[in-house]
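Look it over, then follow the dialogue.

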Amino acid sequence: MAQTMDIAVSKNGKRVLNVWFAVLVLFLYAPLGLLLLFSFNDNNLPVFPLKGFTTSAYEQFAANAELKASVVTSAKVAAISSLIAVLLGLLAAIVLVRRHVFGKSVASALLLSPLVVPYIALAIGLLVFFSQVPEWFPLGMRTIVMGHVVLSIPYTILILVPRFERLDVRIEEAARDLGAGAFQTFRLITLPLILPALVSAFIVAFVLSFDEIIIASFVNGDITTFPIYLFSQLRFPTLLPQVIAVACVVMAASALILVGAEIGRRILERRLGAEL
Amino acid sequence: MAVEAQEVAKPTPAKGVMRRSHSGLATTGLLAPPTLWLAIFFLVPVVLILLYSVNLFSLYPGGQYFTLDAWKDFLDGGPFLQLFWKSIWMSLAVSVIAVVAAYPIAYYLALVASKRKYVLLLLILAPFLVSYFLRLLAWKVILGDQGVINSFLYWTGLRAEDDPVTWLLYSKFAVVLTLIYVYVPFVALPIFASLESMDRRLLEAAADLGASRWQAFRKVTLPLSLPGVIAAFIFVFIPTIGEYFTPLLVGGVNGTMFGNAIADQFGQSLNWLNGSVLSFFLLLVVALLMGVFARYLTIRRVATG
Amino acid sequence: MSTEHDGETTKRTLGRGDFLKLGALTVGSGVLAACGAEGAPEPEPAAQGSTEKAEERPPIESEPGDLEVFEWAGYEFPTYGGKGGPLQPYVDAYGKPKYVFLTSDDQAIGKVRAGYRPDTVHPCVDYTGNWVEMGVVQPWDTSLISNFKDLEPALVKGGQVDGQQYFIPADWGFSSPLYRADKVEPDGEESWTLMYDDRYKGKISWWDSPLENFVIWGYVNGIDDPWEMTDDELDEGRDFLISKKHLCRNFWSSQTDMDADFAAGNIWIAYAWGGSYTGAKKAGLDVVYSDPKEGRLGWNCGFVLIKDTDNFRHAHEYVNTWVSAESALWNITNYAYGMANTNLDLAKIDPDLVAVFHLDDPAAREEPRAHYARPLTTERRAAYAQRWDEVKAA
């Protein structure tokens with residue numbers, strides 16, 4: 001009996017937590033459900049009462065090359081910038097947690113300060129800077145990535161640092177004592193332990209960049225990201241349904257990824273179970 | 001194999017020395033890329049804005065001379081300073097509620113959900129891929145005078161149809177609510193990360209020593225998750241002070257925040273001088289706050305060994 | 001760093017175009033050069049100056065042709081007009097332009113001010129003064145725009161700064177109070193005072209713009225020139241707006257937002273453009289687009305030409321295509337915006353649109369029944385903006 005008792009949570013506690021989680025999911029998804037509903041509604045504006053079923057928003061989106069290209073661009077920018085941000089955040093987190101360096105507090109203040117700078121100020125500052133040395137920093141996808149990495153670094157650090165703080169150094173030291181090199185230790189011991197945190201950091205950085213408009217709209221050069229397209233077309237409510245359709249397609253895609261991840265986990269589990 | 005064995009056989013002190021000298025270089029190597037990146041793409045633009053705020057750098061044809069006038073005007077208790085304090089309060093409300101709401105979620109994911117935890121984590125993060133603007137648009141449909149909530153109230157007869165609850169939308173309430181909506185999953189992340197990496201045997205040990213669940217939580221889990229909680233608080237409190245978008249879309253005439261003033265100065269007022277003063281003020285105040293947080297973090301570390 | 005930049009700006013103010021012009025005008029060139037550097041008005045007639053300039057321009061074949069248009073999303077080929085639509089001729093002849101999207105007039109100015117350089121931009125007319133003062137634009141050569149003669153003269157005149165055509169008007173529309181006929185009953189004659197009507201507290205929406213709310217107050221109170229108010233007048237207007245602010249549900253910032261609020265019943269009265277009227281109609285609302293006794297306001301947007309563009313002739317060709325009669329018809333039909341091109345076949349347009357926007361009644365589009373926005377100096381805009389900041393922060 002005592003063995004089956006879970007010290008983390010009682011049965012009732014678990015029920016409460018289940019409900020709380022369900023409430024949060026409802027809270028998070030209610031607006032998305034409405035968007036999905038409105039994307040098939042025969043009205044330019046997202047208002048009740050519903051007027052009739054139509055797929056025209058999706059057809060228009062499918063035919064709108066600029067809009068489609070902007071979604072792809074945003075995905076690319078987000079993927080690249082979050083990869084870089086996670087890498088840089090990882091390096092910083094290792095130092096901040098593990099090493100004693102002179103000026104560490106200054107470094108950590110610098111690393112976290114992008115959290116607080118108003119995006120519009122940073123956007124203008126960046127564009128002014130890039131425009132002074134255009135041959136080094138031609139405006140385009142690369143400059144957006146540079147800006148988005150700045151925004152994401154503090155988030156990746158804030159996610160990774162608590163993970164490192166709880167990581168038992170002795171495990172790594174044991175590996176080193178057993179003859180593993182620094183890199184080998186990292187790859188075989190540290191990395192698997194921090195992988196979940198790395199994935200969290202990547203996701204946060206990705207969504208941050210994917211939806212970012214202010215920096216992007218200043219340093220984009222001739223590149224159009226999805227948020228830029230969205231905000232630029234707000235002059236024309238007739239284009240709104242297409243944009244909502246994009247959101248729904250993105251939603252569907254992430255749902256697919258979610259389901260895929262769950263299936264992958266189960267397959268993996270079964271295989272591991274068989275091995276054991 | 002032989003080499004490895006030899007290395008293991010080396011006397012410990014020598015190895016310790018070697019590792020230390022090695023790590024000095026390595027540390028610099030590790031810290032250089034992120035700090036350099038920020039020095040170039042963050043510090044340089046910020047310094048440009050600082051110069052702008054004292055008129056030492058200006059993109060309009062005309063005089064460039066050092067002046068603190070814009071700073072003086074701002075600090076002389078103009079409308080913007082008041083707005084700043086209001087924003088601090090709103091951010092504080094948002095942060096506290098968001099952290100309190102997110103803690104059980106993180107706890108659930110880390111300690112209860114077991115195998116499904118990453119999928120569930122993805123589940124609560126996935127909505128972020130949908131443009132925030134569009135999600136706010138949907139929120140307006142929920143909160144509006146003929147929105148989902150008010151329609152429900154009409155239907156139950158709790159409110160007459162010509163008497164909607166108007167403070168649901170275009171109010172401070174709407175701003176706080178939607179900000180919580182945005183930040184709860186974000187806030188859950190760092191808490192989750194710290195809980196997830198907690199050694200569960202500590203809890204078992206506590207149980208073996210006769211601790212109740214509540215005691216185990218209070219004496220073990222909560223203190224161990226504190227770094228995550230603080231990170232979570234920073235996650236939401238600091239960016240929301242400068243929040244611009246949410247108040248713009250659901251704040252109405254009274255829900256505006258400091259970030260809106262900054263955006264307006266750079267935007268429709270085309271007054272970059274004021275805009276940079278406001279931005280820099282925000283940066284300074286928050287840097288100060290972070291200093292306080294950092295001190296608290298080190299004290300905690302000393303206290304817990 | 002600062003001085004270096006200062007020098008650069010001065011250089012920009014005296015661009016290549018000005019040097020050519022100065023060279024052409026041999027008489028009193030020294031005096032003119034001094035005036036030009038100060039940005040003082042140049043008395044020469046626009047047409048003459050620009051013809052001379054055009055002759056010195058290389059032919060269109062020798063331009064790179066990679067035209068970059070800083071544009072509103074929705075105005076780009078092929079979303080605007082569709083394949084085979086009004087922009088197709090330009091695309092066939094010179095290829096599809098590169099579109100960079102602006103998100104607002106302020107953002108466009110900020111971006112160019114910070115260093116971005118497209119070939120042509122699509123701002124609104126009241127910002128033309130800012131564009132000119134920034135020293136980043138040059139006058140158009142209207143002789144290269146064959147559709148120019150069909151453009152509404154009042155709008156054409158509105159696009160001139162110091163007698164030069166810096167701005168080619170393209171799309172225009174009215175701004176007027178839009179209200180729900182089933183909920184709102186105007187007090188007597190239709191008037192802008194509906195925006196300040198106590199009876200509809202919490203159901204009114206003003207536009208979040210530093211200019212228009214003061215201009216409206218100005219017309220309501222018989223100010224001499226609401227587009228050039230003195231500081232005292234502005235202070236008075238500010239105090240009045242602060243006293244009425246509590247009546248507003250919000251200050252709307254994008255048309256899409258406002259249309260949605262209108263359709264959702266959150267607001268009944270709003271400062272609105274024509275598209276909002278048609279949008280509300282389509283949503284099945286009983287709305288009136290009023291004709292206030294003080295006159296409607298009129299906005300218009302169009303194109304400015306960036307100084308030193310390598311695609312001088314391409315930009316002219318593109319804008320010429322954009323302001324064509326075919327383009328006008330498409331824009332009116334699809335976005336419910338008016339167009340500066342008056343060469344319209346009204347039979348092809350929805351009669352309701354013709355009536356509401358007075359497309360068949362030129363007098364209704366002129367003073368005193370309509371007041372068009374016009375360029376403001378940077379200094380005046382700042383004065384308006386500062387008061388609007390105070391209204392919003394109050």
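Predicted model: local features only at pLDDT ≥ 70, side-chain atom pairs only at ≥ 80, totals over all residues.

Q: What is the mean pLDDT of chain A?
A: pLDDT is the predictor's confidence in each residue, from 0 to 100. Chain A averages 83, and 95% of the residues score at least 70. Helices here are DSSP runs of H or I with at least four residues; strands are runs of E with at least two; both are numbered from the N terminus. In chain A, confidence is lowest in H4(A), at a mean of 77, and highest in H3(A), at 91.

Q: Where is confidence lowest in chain B?
A: The mean pLDDT of chain B is 79, with 85% of its residues at 70 or more. Confidence is lowest in helix H1 (residues 2-9) of chain B, at a mean of 38, and highest in H4(B), at 90. Residues 1-21 of chain B have pLDDT below 50, and beyond near neighbours in sequence this stretch has six contacts in the model. Residues 298-305 of chain B also stay under 50. For them the model has two contacts beyond four places in sequence.

Q: How many residues do chains A and B bring to their contact?
A: Two residues are in contact if their C-beta atoms, placed from the backbone, lie within 7 Å. Chain A gives 85 residues and chain B gives 84. H1(A) gives the most to the side of chain A that touches chain B, with 14 residues. By class, that side has 67 nonpolar, nine polar and nine charged residues. Nonpolar means Ala, Val, Leu, Ile, Met, Phe, Trp, Tyr, Cys and Pro; charged means Asp, Glu, Lys and Arg; the others, Gly among them, are polar.

Q: Which element gives the largest share of the side of chain C that touches chain A?
A: In this contact, 30 residues of chain C meet 28 residues of chain A. The largest share of chain C's side, five residues, comes from H11(C). That side has twelve nonpolar, twelve polar and six charged residues.

Q: How do H4(B) and H8(B) cross?
A: Two packed helices are described by the angle between their axes and the distance between the axes. Axes are lines fitted to C-alpha atoms, for helices over the stretch in contact, with angles from 0 to 180 degrees between N-to-C directions. The axes of H4(B) and H8(B) come within 6 Å and cross at roughly 40 degrees. That makes H4(B) oblique to H8(B) (under 35 degrees is roughly parallel, over 145 roughly antiparallel, 65 to 115 roughly perpendicular, the rest oblique). Their contact has 26 nonpolar, no polar and two charged residues.

Q: Is Pro118(C) buried or exposed?
A: A residue is buried if 20 or more other C-beta atoms lie within 10 Å of its own, exposed if 12 or fewer, and partly exposed in between, with C-beta atoms placed from the backbone. Pro118(C) has 25 such atoms within 10 Å, so Pro118(C) is buried. Pro118(C) lies in the loop between H6 and strand S3 (120-121) of chain C.

Note on methods: Residues numbered from 1 in each chain as written. Chains lettered and ligands numbered in written order.
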